[in-house]
Amino acid sequence: MVKSSDVSGFYKKSPEDRWQIIRSFGDLTDAEIETIRNTGALKFDQVDRMIENVVGAMPIPLGIAVNFRINGRDYLVPMAIEEPSVVAAASNAARMARERGGFTTSASGPIMIGQIQLVGVPDPHGARMTILAHRDEILSIANEKDPMLVKVGGGAKDVEVRVVDSKRGHMVVTHLIVDCRDAMGANAVNTMAEAVAPRIEEWTGGRVYLRIISNLAVRRLVRARAVFAKDSIRTGEIPGDEVVEGILEAYAFADADPFRCATHNKGIMNGIDAVVVATGNDWRAIEAGAHAYAAWKSGGYRSLTAWEKDANGDLVGTIELPMAVGLVGGATAVHPTAKANVKLLGVKSAQELAEVIAAVGLAQNFAALRALATEGIQKGHMALHARNVAATVGAIGDEIDRVAEILVKERKVRMDRAKDVLAEIRTRKST
Ligand code: MEV
């Protein structure tokens, strides 16, 4: 029988019916269904309200990055990520940064941009002037939509209008500049943009299509800086000043070549996304903003970090990128694990959270470049990977470390070898 994915009203079905449907569609076993429906710290009802067509939850490991000192304060940083080495690397980098006081950070303020796309006006520059002349009215229409935000000092603060030349001719794009305070802001900004749009049509005689937040949050930038003393970053036989040179070469490579830069920035996002996920924030928005910013800021895809050598020969790292994270609204406010993680961090504002995240991104980049420019990353990766492989072939308890150690020593981190090693260990144990 051909299986059909045409399941009408899936969302209306009871959880039991949904499990039954996926069980028969995917030939899933009872154990597999049990795994899928285990929602861990969340009640099924909570998960069921968060998204549509829910059948369960997908747990990912939560680790704690230690050693972070930011603006003179210590933080334990929760990181939710499935990739080995990331948490260890961030902690290690933060330990090295501590020697020179850790990270210092700043931010441009929690300002987001809402876009309103207007087409069909014969005089786009004239329409631009007309819209700008209604600035105060636009702001008051927008602010009426969110009195709470206005009460806490946020709200629509300004209007900008751009004429964008597109494949379909000129478009007049209004930017609503909104201070989102402790919210990520997508809901507030989208509601405001939708409220303002009909008036823009009225004033200009054009037609509005899109009304939506921009994830290229160039007014919500966050920055971090750290100095890594050359003597504290030596590794193995490699002296600190050589490590500094290696990192500078790695950075120059990334900044000059988009093929390398994508991976370099991905390494930064390993740290950033993990904290964004752990705090229940929208990591797709952060990813989109980061990569768009990396391309926008200087007209080509560039590094989100910069690395230099100071007068002492020590390494100075900086990072600057958009960071639209919130503490109120969204999953951050309802997900119990996210709430506990935010409490652990002890951040008092969305901006403070954003600054911590920037510091983690910088630390992550440092750790990756230091490893890549010296012994390579496989050594560290393999040690963790070997433990996973050992567990996958059935090693338990202290067998995991014993199997992993042998695989790494033999440089054969593979399932087939792991099976043999485990069997050998067990035979030795039983004789
Ligand atoms: C792997 O997840 C991240 C790295 O590839 C980052 C980089 O190459 O800079 C190690």
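Tutor: Let's begin with a term: contact, or touching, means heavy atoms within 4.5 Å. This is a predicted model, in which local features need pLDDT of at least 70 and side-chain atom pairs count only at pLDDT 80 or more, while totals for chains, interfaces and linings use all residues. Residues are numbered from 1 along each chain as its sequence is written, and side-chain values use heavy atoms, with hydrogens and water left out.

Start at Ile-272. Not counting residues up to four places away in sequence, Ile-272 touches Ile-286, Ile-319, Leu-321, Met-323, Ile-357 and Gly-361.

Now for the core itself. A nonpolar core is a set of buried Ala, Val, Leu, Ile, Met, Phe, Trp, Tyr and Cys residues joined through side-chain atoms within 4.5 Å; buried means under 20% relative accessible area (1.4 Å probe, protein chains only). The largest such core has 95 residues, and those touching the most other members are Phe-68, Val-77, Met-79, Phe-103, Ile-272, Trp-307 and Leu-321. Helix H14 (residues 350-373) supplies the largest share of this core, 12 residues. Helices here are DSSP runs (H or I, at least four residues), as are strands (E, at least two), numbered from the N terminus.

Where does this core lie? It lies between domain 2 (64-107 + 221-375) and domain 3 (111-214), because both give residues to it. Domain bounds come from an automatic or database domain assignment. Between these two domains, 9 residues of domain 2 are in contact with 5 residues of domain 3, and their C-alpha centres lie 33 Å apart. There is also a second, separate core of 14 residues, including Val-389 and Ile-400.

A cavity is a set of points, on a 1 Å grid over the protein atoms alone, where a 1.4 Å probe fits but cannot get out; lining residues have an atom within 4 Å of a point. Grid points are joined across faces, edges and corners, and a volume is the space filled by probe spheres set on the points. The search finds 1 cavity of 30 Å³ or more, and the largest cavity has a volume of about 60 Å³. Among the residues lining this cavity are Met-323, Ala-350, Gln-351 and Ala-354. H14 gives the most to this lining, with 3 residues. Met-323, then, both lines the cavity and touches Ile-272.

Methods. Buried < 20%, exposed > 50% of the residue type's maximum accessible area, 1.4 Å probe, protein only. 1 Å grid on protein atoms, 1.4 Å probe; cavity = no way out; pocket = protein on both sides within 12 Å on 5 of 7 lines; lining within 4 Å.
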